[in-house]
Amino acid sequence: MVNNGGVATPEAAPAPEAAAEPVTVGKRGGRSPRDMAMSLGILLLPIALLLIFYRVVLDGDKPVTVKPEPVIQQARSAAVFPVAVPQGLGDDWHPVSATFKRDADGATLRLGYVDPDSEPIQLVESSTPTAKLLPVELGKDPEAVSTFSDGKRTWQRYDARKGENALLLLEKGRTIIVVGQAESKSLEAFAAALG
């Protein structure tokens, strides 16, 4: 402020600076769709190579196979019921789970398999009373629809939970159930292989 005889006068405002010139990006300064596609390709190439390695070299599409023999031996040692196991199945059948459990109602052996069409099948052998076992294994309202004979035994065919079929064999002291989403031919082949 300048003092002119005791009167304060405002200073002149500084002149506005010239507006900044807009910066323009040349044709080579931006990213074209081709550049983005190449960047994505570079990122996706290692992922594709890892996927191919997993599927071809490590057999990543095959089910993880377990050895059910220790669990089968445990069930046989318990001597609660005679244990039937599949015999003579081809190499394209894979055991994927095995459990044996005892409780107040009885003992139950469960063996899970994957059939040649990659469909799951479960074998259930149990000394649990059938009236308690069926709702647990086949759903609330399993329905007997027909029978199947494997040449040695006659099985009852059931419509189980939605999308599942089952074969049921009642014997003294045990119930055998073969259940899965597999077609009846696979279930029948599996049941016939039980010895």
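The protein chain comprises four helices and nine strands, which in this predicted model follow one another from the N terminus in the order β-β-α-α-β-β-β-α-β-β-β-β-α. Of the 195 residues of the chain, 31% count as buried. Among contacts between residues at least 6 apart in sequence, 46% join residues at least 24 apart.

Strand 9, which spans residues 174-180, is largely enclosed by the rest of the structure, because seven of its seven residues are buried. Both of its faces are covered, with Arg174, Ile176, Val178 and Gly180 buried on one side and Thr175, Ile177 and Val179 buried on the other. Strand 9 pairs with strand 5 (residues 120-126) in the antiparallel sense over six bridges, and within this pairing Glu125 stands opposite Ile176. Strand 8 (residues 165-171) is likewise antiparallel to strand 9, and the two are joined by seven bridges. Strands 8 and 9 form a hairpin with two residues between them, and in the turn Gly173 adopts a positive phi of about 85°.

In total, the structure holds seven salt bridges. Side chains of opposite charge can pair when their charged atoms come close. Another of these salt bridges is formed by Glu137 and Arg110, whose closest N and O atoms are 2.2 Å apart. Glu137 is buried, with a relative accessible area of 5%, while Arg110 is partly exposed at 23%. A further salt bridge is found where the side chains of Arg161 and Glu164 meet, with an N to O distance of 3.6 Å; Arg161 counts as partly exposed, at 37% relative accessibility.

The largest pocket of the model holds about 250 Å³ of space. Of the 17 residues that line this pocket, Pro68, Glu69, Pro86, Pro95 and Tyr113 are the closest to its centre. Helix 2, which covers residues 69-78, gives the most to the lining, with three residues. By residue class, the lining divides into nine nonpolar, four polar and four charged residues.

Terms used. Residues are numbered from 1 along each chain as its sequence is written. This is a predicted model: local features need pLDDT of at least 70, side-chain atom pairs count only at pLDDT 80 or more; totals for chains, interfaces and linings use all residues. Side-chain values use heavy atoms; hydrogens and water are left out. On a 1 Å grid over the protein atoms alone, a cavity is a set of points where a 1.4 Å probe fits but cannot get out, and a pocket is an open set with protein on both sides within 12 Å along at least five of seven lines; lining residues have an atom within 4 Å of a point. Grid points are joined across faces, edges and corners, and a volume is the space filled by probe spheres set on the points. Ala, Val, Leu, Ile, Met, Phe, Trp, Tyr, Cys and Pro count as nonpolar, Asp, Glu, Lys and Arg as charged, and the others, Gly among them, as polar. A salt bridge is a side-chain nitrogen of Lys or Arg within 4 Å of a carboxyl oxygen of Asp or Glu. Buried means under 20% relative accessible area, exposed over 50%, partly exposed in between (1.4 Å probe, protein chains only). Two strands pair if DSSP finds at least two bridges between them. Contact means heavy atoms within 4.5 Å.
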